[in-house]
Amino acid sequence: MLQLDQFYKARYVLSNVLRKTELIHAKKINPDVDVYLKPECLQLTGSFKLRGAYFKISQLSDEEKKKGVIACSAGNHAQGVALGATAMGVKSLICLPEGAPISKVEATRKLGAEVMLVPGVYDDAYQKALQLRDEKGYTFVHPFDDENVIAGQGTIGLELLEQLPDLDAVVVPVGGGGLISGVAYAIKSLNPHVKVYGVQAEGAPSMVNSIHDHKIECLPSVSTIADGIAVKEPGQLTFDTCSKYVDEIVTVTEDEICAAILKLIESEKMVAEGAGATSVAAVMFNKVPVKGKKTVCVVSGGNIDVTILNRVINRGLAKSGRLCTLDFELDDQPGKLVEVCSVIAQKGANVTGVHHDRSANRKKVNACMLRVTMETKNQEHIDEILQALKDKDITILYNPNLK
């Protein structure tokens, strides 16, 4: 059973460890919503996970601390456990799937943890962690389905009520449900009038499905850029807590997540990982009923893999109507390419790439394929360009409006 006094205890324990994350008023996220950001992406280790991991480890007995702790994670939880354990002089062992990104493996090691790479996927690493727990007597630090972990994450809820006493709604990313369980329990216990909304990736809707069907369900697979919330099955405690205290959980698409990451970079100079940006995506694209309300988006983490950031930005640009790719069928005659580019130029778009292929069209021997990539202002600008091309009887084979 969750108890509010545990949340206040967690807050006291964490007071000298955490970086204080002040709210940021973000007026450009959605003009119809009074948006504030809770930037846990700026927290130590780059995510909120330190809160729950540190408090969990702090509550262990001396005997348990002497034996050490073990966890299974490919990202933020691993770093939270590593930093927390090292700070308290406790040995930590993190089991990671052998395919985990090198950057995350090294970041975990640098925080003082011993890392064991396990052949296979996350589930294999998880089973190995449980095996070692039983063999060596380690304490397993669960990433979400644990009362003390939830209490630690819930300190965010306590902070929000103090930082913005008249808030109307809170939007929280959801994976296994530890963060939203803590935030929802804390807020609803102190001010039941505040709405709490959760957000999952469309490719990993484990809690959405479970809440809808009133029972815990396990997804056969998950696929999303928001790897921090790519969880196949919620926990029992988090499922029960969400069922009781969370008002609604929605999903966002991959393109919407990318657009939110881009928006945070451009408008707020803030880097968020996929999971952290889901709350912003939900407000940007009106997935939650917060129009006209004072709303806090919890940006839960900022540990995005920089090697995919360029792809994320391009997806975000395309979703926002800032980048457009069109495929044309043209008669292979002098002047046809100039005609297309002239229409685009007259409408104020900037061509960034052109691919001309005579062999792609097998039906018309004297035709060619043309792919043009251009920078545009927004979707309305794209619509103007499409209409202008249509007026010139230029055949468009690929139209972004039909995606």
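**Overall architecture**

The protein chain contains 15 helices and 14 strands; these are DSSP runs numbered from the N terminus, helices being H or I with at least four residues and strands E with at least two. Please note that this is a predicted model, in which local features need pLDDT of at least 70 and side-chain atom pairs count only at pLDDT 80 or more, while totals for chains, interfaces and linings use all residues. Residues are numbered from 1 along each chain as its sequence is written, and side-chain values use heavy atoms, with hydrogens and water left out.

Along its principal axes, the C-alpha trace spans about 80 × 50 × 40 Å. Of the 403 residues, 53% count as buried, where buried means under 20% relative accessible area, exposed over 50%, and partly exposed in between, with a 1.4 Å probe and protein chains only.

Let me turn to the domains. The bounds come from an automatic or database domain assignment, and they divide the chain into domain 1 (2-45 + 151-313), domain 2 (47-138) and domain 3 (322-396). The C-alpha centres of domain 1 and domain 2 are 23 Å apart. Between these two domains, 26 residues of domain 1 are in contact with 16 residues of domain 2, contact meaning heavy atoms within 4.5 Å.

Next, one of the sheets. Four strands form an open sheet in the order β5-β4-β3-β6, with parallel pairing; two strands pair if DSSP finds at least two bridges between them. At the edges are β5 (114-118) and β6 (139-140), each of which pairs on one side only. Strand β4 (residues 92-97) is joined to β5 in the parallel sense over five bridges, and L96 stands opposite L117 in β5. In general, strands of a sheet pair through backbone hydrogen bonds, either parallel or antiparallel.

I close with two residues. Leaving aside residues up to four places away in sequence, T278 touches P173, V199, A226, I229, V252 and I257.

The second residue is V354, located in strand β12 (residues 350-357). V354 counts as partly exposed because its relative accessibility is 45%.
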